[in-house]
Amino acid sequence: MVDYVTSGDRLGTIIASLGRWERIVRSPRSWPEATRPLDAAASEVFQRLRRLLTPVQWERFIAGQSHWIQSMGWEAAHLEAGSPVPANDYLAMRIGYVGV
């Protein structure tokens, strides 16, 4: 998914995809008509994970995934603007990619 942010797609397309993925993470069965292979695969994987994790583990997992997805959207916005990313913004974005 990280490569998708730098794929050259329009910002609106990227943000729409990230929003859909964030919804699939939070509620894997909420997108039953998923026709895109990545959406369907993500839904299946997250359904399986949800069955294996305790409620606390699941909440922590989706919080981390949401942070990661938000960081990808942030980076996509910077790339679209074409402006240099300030060091503090860059570091905060990268933390979202690798965890805290």
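What pattern does the protein follow, read along the sequence?

1. Overall architecture. Read along the sequence, the pattern is α-α-α-α-α. The model is a predicted one, in which local features require pLDDT of at least 70 and side-chain atom pairs count only at pLDDT 80 or more, whereas totals for chains, interfaces and linings use all residues. Residues are numbered from 1 along each chain as its sequence is written, and side-chain values use heavy atoms, with hydrogens and water left out. The protein has 5 helices and 0 strands; these are DSSP runs numbered from the N terminus, with helices being H or I of at least four residues and strands E of at least two.

2. Dimensions and surface. Along the principal axes, the C-alpha atoms fill a box of roughly 45 × 30 × 15 Å. The protein exposes about 6,400 Å², of which carbon and sulfur atoms supply 58%; accessible areas come from the Shrake-Rupley method with a 1.4 Å probe, and for residues only the protein chains shown count as cover.

3. Of the 100 residues, 30% count as buried. Buried means under 20% relative accessible area, exposed means over 50%, and partly exposed lies in between (1.4 Å probe, protein chains only). Among contacts with a separation of 6 or more, 47% come from residues 24 or more positions apart, a contact being heavy atoms within 4.5 Å.

4. Nonpolar core. The largest nonpolar core has 14 residues, and those with the most contacts inside it are Leu 18, Phe 46, Ile 69 and Met 72. Helix 2, helix 3 and helix 4 each supply at least two residues of this core, and helix 4 gives the most, with 6 residues. Such a core is a set of buried Ala, Val, Leu, Ile, Met, Phe, Trp, Tyr and Cys residues joined through side-chain atoms within 4.5 Å.

5. Pro 28. This residue is placed in the loop between helix 2 (11-26) and helix 3 (37-52). Pro 28 is buried because its relative accessible area is 3%. Not counting residues up to four places away in sequence, Pro 28 touches Ser 43, Phe 46, Gln 47, Arg 50 and Trp 58. Pro 28 and Arg 48 are 20 residues apart in sequence, with 9.2 Å between their C-alpha atoms.

6. In one of them Asp 39 pairs with Arg 20, the closest N and O atoms being 2.5 Å apart. The pair links distant parts of the chain, with Asp 39 in helix 3 and Arg 20 in helix 2, 19 residues apart. Both Asp 39 and Arg 20 are buried.

7. Salt bridges within helices. Glu 22 and Arg 26 meet through their side chains at 2.7 Å, N to O; both lie in helix 2, 4 residues apart, about one turn of the helix. Arg 48 and Glu 44 form a salt bridge with closest N and O atoms 2.7 Å apart, and both lie in helix 3, 4 residues apart. Arg 26 is partly exposed, at a relative accessible area of 35%. Arg 48 is partly exposed at 48%, as is Glu 44 at 41%.

8. Nonpolar surface patch. Val 85, Tyr 90 and Leu 91 make a nonpolar surface patch of about 270 Å². Patches are made of residues with over 30% relative accessible area and no salt bridge, like charges being joined within 9 Å and nonpolar side chains (Val, Leu, Ile, Met, Phe, Trp, Tyr) within 5 Å. Val 85 is found in the loop between helix 4 (55-81) and helix 5 (87-98), and its relative accessible area of 31% makes Val 85 partly exposed.

Note on methods: Salt bridge = Lys/Arg side-chain N within 4 Å of Asp/Glu carboxyl O.
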